[in-house]
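Subject: Structure handover

Hello,

Here is the structure we talked about. Please open it first, then read the notes below.

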Amino acid sequence: MIRIYRSGCAACEGVEMVGADWTLPADTLWIDLIEPTREEDVAIEQALGLSIPTREEMNELEASSRLYRENGATYVTADIIHNSEMELPTVDPVTFILTHGPLVTIRYFDPRPFTMFTDKLEREPSLCESGADMFLNLMEAIIDRASEVLSRTAHKVEGVASHVFSSADTAVGYRHLITKLGRAQIANSRIEQSLAGLSRVFAFVALDERLEMNADKREHLKSLGRDASSLLAHNQAVAAGINFQLSATLGLINIQQSSIFKVFSLVTVALMPPTLIGAIYGMNFEHMPELTWWWGYPLALGLMVLSSAIPLLWFKRKGWF
């Protein structure tokens, strides 16, 4: 599918079919390719004299495949967060082609920032005076969305921290807490992947002197780079918090398990002397005078109680329980 935004930006025009005689409107500012077919790729390539990367090429991780210049155009590919309402957001690549004319975007999913940006265009058509304006404002929407997702993840991590370090007994919810921390870690790593890619994109575009950007636009680009860097630093702080809380949770689990084993150990030690006494008098040898004493049974019971009490009193004095 091809969506075209023309000068004025009141709305987009969807191009349902392209053919050999199809031409691109002269006042086009943004060409948005959504899951394009091969025919649509060829039509845009012929209209602009540029090559459109395939989906496989967009998924390559090498910097040379994501950030490059070709035929006077600048190609940048960034991983954009989507499905952020779910427990585990996902990231997928979007390619931006900056030309001296319209901006071209290629994507195979529908991230929320694109919808936010198009809605904003309908309210403020003056935002789109050129393809560079389209790129900068679209990137601003992407950064804003990444900030929202990061804030949501940080809030979840703080909620887990308040549970882990609360005075209430958290023994029942340890497994749930570890699951939440694991999901937060996955979300955090995907946010970092997106922000790191955006930082590289801003740095690469800023170095391209051939792009028609005035001083205001370049300052806007630098501001976006600073925003991405600050969000990346905040994301790393959240990652450190997740690792600390995971270590603290595992430490509390170990402490709880140690306490349980400590009780079992104390009970075992306390019961060893009575068990020994009972075993001795359970042998029923013929020459055991205590077996014929009328106070032999109370004596054996008393020895058992005393032998149990002495270790317990010793442990208590040592502060072991």
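Two rings of Phe, Tyr or Trp count as an aromatic pair if their centres lie within 6.5 Å. By that rule, the structure holds 5 aromatic pairs. Keep in mind that this is a predicted model.

**Aromatic rings**

A pair of aromatic rings is described by the distance of the centres and the angle of the planes. Start with Tyr68 and Tyr75. Their centres are 4.7 Å apart, with 10° between the planes, and the pair is stacked. Are the two tyrosines buried or exposed? Tyr75 has a relative accessible area of 1%, so it is buried. Tyr68 comes out at 21%; buried means under 20%, so Tyr68 counts as partly exposed.

Next, look at Phe96 and Phe135. Here the ring centres are 5.8 Å apart and the planes stand at 80°, so this pair is edge-to-face. Phe96 belongs to strand β6 (residues 90-98) and Phe135 to helix α5 (residues 131-164). The pair therefore ties together parts that are 39 residues apart in sequence. Phe96 is buried, at 0% relative accessibility. Phe135 is buried too, with 0%.

There is also an aromatic cluster. Its members are Tyr5, Trp30, Phe114 and Phe117.

**Charges over rings**

Two arginines are worth a look here. Arg107 places its charged end over the ring of Phe114, 4.3 Å from the ring centre. Phe114 is one of the residues in the aromatic cluster. Arg69 has its charged end over the ring of Phe204, 4.3 Å from the centre of that ring.

**Salt bridges**

Side chains of opposite charge can pair when their charged atoms come close. How many salt bridges does the count come to? The count is 7 salt bridges.

Asp79 and Arg66 form one of them, with 3.2 Å between the closest N and O atoms. This pair links distant parts of the chain: Asp79 is in strand β5, Arg66 is in helix α3 (residues 63-66), and they are 13 residues apart. Asp79 has 8% relative accessibility, so it counts as buried. Arg66 is buried as well, with a relative accessible area of 10%.

Asp133 and Lys217 meet in another salt bridge, at 3.6 Å from N to O. Asp133 sits in helix α5 and Lys217 in helix α7 (residues 215-281), so the pair ties together parts that are 84 residues apart in sequence. Both Asp133 and Lys217 are buried.

Arg226 and Glu219 also meet in a salt bridge, at 3.2 Å from N to O. Arg226 is partly exposed, with a relative accessible area of 47%. Glu219 is partly exposed too, at 41%. Why is neither of them called exposed?

Asp32, Arg107 and Asp110 are joined by salt bridges that share partners. Arg107 is the arginine with its charged end over the ring of Phe114.

**Back to Asp79**

Which strand holds Asp79? It is strand β5, residues 73-82. The side chains of Asp79 and Arg66 are also joined by a polar contact of 3.2 Å. What else does Asp79 touch, leaving out residues up to four places away in sequence? Besides Arg66, it touches Val91, Asp92, Pro93, Gln193 and Ser194.

Helix α1 spans residues 38-48. Glu40, Asp41, Ala43, Ile44 and Glu45 are buried in it. Just after α1 comes Gly49, which takes a positive phi of about 70°.

Helix α8 covers residues 296-318, and Pro311 is found in it. Pro311 has a relative accessible area of 15%; the limit for buried is under 20%, so Pro311 is buried. The C-alpha atoms of Pro311 and Met272 are 9.9 Å apart. Along the chain, Pro311 and Met272 are separated by 39 residues.

**Where to look**

For a quick tour, begin with the stacked pair of Tyr68 and Tyr75. Then go to the edge-to-face pair of Phe96 and Phe135. End at the salt bridge between Asp79 and Arg66.

Best wishes

Note on methods
Residues numbered from 1 in each chain as written. Heavy atoms only, no water. Helix = DSSP H or I, 4+ residues; strand = E, 2+ residues; numbered from the N terminus. Buried < 20%, exposed > 50% of the residue type's maximum accessible area, 1.4 Å probe, protein only. Polar contact = N/O pair within 3.5 Å; in protein donor to acceptor, adjacent residues only side chain to side chain. Contact = heavy atoms within 4.5 Å. Phe/Tyr/Trp six-rings, centres within 6.5 Å; stacked < 30°, edge-to-face > 60°. Lys NZ or Arg CZ within 6 Å of the ring centre and 35° of its normal. Salt bridge = Lys/Arg side-chain N within 4 Å of Asp/Glu carboxyl O.
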